[in-house]
Amino acid sequence: MKDSNMKKMLLAAIAAVTLAVGPLAVGQASADDWNKVRIATEGAYAPWNFTDSSGKLVGFELDLARDLCARMGAECEIVAQAWDGIIPALNAGKYDAIMAGMSITDKRKKVISFSNAYAATPARFVVLKNSDHADFTSKLESLNLEEIDGDEQAVLDQMAAAFKGETIGVQVATTHENFLREFMGDTVEIRTYDTQENLDLDLQAGRVGMALASMSYWKPLLETEKGKDFTAIGAGMTGGPFGGGVGVGIRQADAALVEKFNKAIAEATADGTVSKLAIQWFGFDASY
Amino acid sequence: MNFELMAEAFPQLIEGIPLTLQLVFLSLAIGFVLAVVIALARLAKDPVLPRLAYGFVYVFRGTPLLVQIFLIYYGLGQFEAVRESILWIVLKEPFWCAIIALALNTGAYTSEIIRGGIQSVPWGQIEAGKACGMSRVLLFRRIVFPVAIRQALPAYGNEIILMVKSTSLASTITILEVTGIAKKLISATWQPIEIFLVAGAIYLTMNFIVTRGIAMSERRLNPHLKDRPLPKRTALDRGVTAASAPAAAVPSKPAE
Amino acid sequence: MEMLSWGDAGWGDELVRAAFTTLLVALAAFGLGLVIGSGAAALRLSGFAPFRWLVEGYTTFIRGIPELLVLYLLFFGGNQAAMAVASVFGHTGYIELDAFTIGAIAIGIVSGAYSTEVIRGAILAVPRGEIEAAKACGMSSWLLFRRIMVPQVARFALPGLGNVWQLTLKDTALISITGLVEIMRQAQIASGSTQQPFTFYVCAAILYLLLTSLSNFGFGRAESWANRGVRRAA
């Protein structure tokens with residue numbers, strides 16, 4: 001009891017200056033009917049969401065968000081938010097929903113709610129074409145980590161042995177980082193990056209030997225000039241630490257909004273809109 | 001306040017201290033050597049050298065350290081020629097990129113402090129040294145350098161504190177020193193206040209030790225002032241305004 | 001060079017816009033710092049011990065820890081803090097502080113700690129005799145403040161505040177972590193998109209140099225204006 005009072009007082013002290021003199025942007029969350037929904041995206045995770053050279057937010061999730069909003073009959077405002085603070089800012093009421101390629105995981109579910117998944121893509125390692133690991137192959141094409149059987153364990157062991165001592169880059173606070181820490185934490189050096197783009201620069205420069213990210217990110221990249229030196233290796237991995245697909249992140253208090261998104265996602269998946277957008281942006285059907 | 005979390009975070013943050021200290025000491029050492037060279041270049045009687053030195057100082061003082069770090073870390077990695085050269089052994093490592101950026105940065109600031117110190121050496125003392133038949137090197141070693149260092153010490157103490165703080169930027173290029181770990185913990189627990197307080201306390205302790213150390217060396221380097229009460233001043237007291245504070249604190253000569 | 005062109009094909013216009021954002025957020029932070037600094041300096045000199053401790057605690061703490069930590073605190077905790085305060089006043093809705101506000105407040109708090117010291121030094125530099133003389137002439141304390149203190153404090157503080165401004169301007173680069181598209185963030189976005197980090201960080205450095213050089217010039221002019229009536233020994 002006393003603790004929470006102290007915390008409140010400290011918070012108040014920090015914010016006293018804020019309120020006294022700082023220019024304040026005070027926004028009231030919209031009421032329960034959700035005629036207006038504010039959606040946050042990162043704007044640096046192509047092709048899910050990114051910023052083009054005219055400064056506009058574009059990508060799979062931007063198109064999908066507009067479609068879902070139309071289905072929900074809601075007016076949507078899409079804002080860019082750095083990945084690091086995307087969950088705290090949701091809970092703080094900065095916006096009402098997150099569509100930023102965020103996988104549904106148990107860890108995140110402790111803090112926020114999720115809609116049903118609207119997309120799912122396996123995670124894969126990518127290396128430079130001239131790397132020693134460039135021709136690494138695994139017995140299985142895809143690896144579901146939900147319940148690991150004998151073959152799957154063998155593939156995991158094979159990867160752990162082959163990549164031992166390697167420096168692997170990953171975006172900070174992602175499911176991919178969780179996977180590395182859980183399955184290879186003892187044998188590889190993990191470097192975490194604030195943005196995927198900085199990780200790409202270091203992979204290109206050879207500062208990290210490999211990078212782990214979602215195939216939905218790699219596929220289009222590998223087809224462009226930017227990714228011409230990269231190649232994806234090993235199995236595509238899903239489940240377990242990678243979570244159950246990508247969904248809309250929503251505050252736990254806003255169950256009604258989760259329902260609205262679920263309904264819209266179900267419709268958009270059923271009539272093929274999600275598949276169409278996925279093929280347009282990823283080059284393969286990533287609908288869930 | 002979640003004291004349990006603070007107790008948990010403390011040992012993890014402590015683990016970042018050795019890396020922070022390595023960054024501080026290495027970049028200060030390299031930066032100091034660089035600073036002496038630049039300061040001498042600025043005071044050289046030569047048409048080109050002082051301008052080059054001034055240009056270097058101007059650029060490094062006029063741009064944010066974060067830009068300098070990113071330019072050296074991500075920027076230089078862009079060129080294949082760099083990646084294939086022998087330099088890459090050093091530039092490949094985030095740690096050394098941070099050291100290079102920090103050393104260049106502190107070198108620029110420190111050179112100004114040293115220059116101010118050298119210029120404060122009373123002309124009479126130099127004349128006296130010359131009159132005794134001292135060579136230029138001996139004059140510099142025995143007269144100019146010791147007096148200049150004594151003059152520059154408080155400002156340099158302030159620079160050390162700024163460097164302790166600046167090493168936090170190394171966290172932006174994947175280095176997990178104290179701030180890097182703090183940020184990791186914050187994004188894992190979403191409890192910013194607790195982590196902030198513990199990390200803040202660690203930095204304050206480090207800077208307190210620096211302040212005391214500087215105050216002690218000031219006393220040692222000024223033995224002739226021992227019996228007199230020293231003006232109460234610490235490196236922390238000086239703030240950024242080290243260079244201009246005297247100008248601000250002492251009014252210009254009042255009109256007669 | 002094409003990459004730096006104007007319009008949709010290049011990043012030139014984005015970079016210039018980002019430079020304006022940098023300037024605006026720096027001005028907001030510096031302004032906030034001045035308000036904090038003046039208030040804190042007054043409290044510090046009030047002679048009331050608890051005020052003195054409070055201000056000394058603030059300046060020592062803030063100047064002893066990395067700016068990045070202050071920014072992380074506000075970035076991850078600023079909204080809760082704002083809501084905690086609002087709830088004291090009976091307001092229970094969500095309050096959002098945008099990246100600009102959070103950045104300006106965080107850097108403003110840092111800037112304020114340095115401004116406090118500068119302004120305190122400037123107040124102490126006003127010769128006691130002049131204050132006594134003014135009192136002897138029968139000036140009210142308001143008139144004394146307006147005619148004697150303000151003009152001189154402003155003049156004595158100007159060089160120090162020039163330094164604080166430079167520091168504040170450069171510290172705004174850290175705000176890029178909040179996602180505010182100022183120079184640094186824009187350079188990051190562009191380098192990621194084009195894989196030409198060198199080009200864009202050099203552009204960022206040049207923009208910062210321009211801003212710092214221009215403000216150096218401005219402060220130099222302001223100083224000579226403020227000192228226009230002062231006779232120099234040399």
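**Notebook: chain A, sheet and domains**

I began with one residue pair and saw that A:I98 stands opposite A:G249 in β14(A). The model is predicted, and local features need pLDDT of at least 70, side-chain atom pairs count only at pLDDT 80 or more, and totals for chains, interfaces and linings use all residues. I noted that residues are numbered from 1 along each chain as its sequence is written, that chains are lettered from A and ligands numbered from 1 in the order in which they are written, and that side-chain values use heavy atoms, with hydrogens and water left out.

I then looked up the strands, which are DSSP runs of E with at least two residues, numbered from the N terminus. Strand β6 (residues 97-98) and strand β14 (residues 246-250) of chain A run antiparallel and are joined by two bridges; strands count as paired if DSSP finds at least two bridges between them. In chain A, five strands form an open, mixed sheet in the order β5-β1-β6-β14-β7, and its edge strands, β5 (75-80) and β7 (113-119), each pair on one side only.

Next I turned to the domains, whose bounds come from an automatic or database assignment: domain 1 of chain A is 37-120 + 244-282 and domain 2 is 123-242. Their contact (heavy atoms within 4.5 Å) takes 14 residues from domain 1 of chain A and 16 residues from domain 2 of chain A.

How values were computed:
Helices (H or I, at least four residues) and strands (E, at least two) are DSSP runs, numbered from the N terminus.
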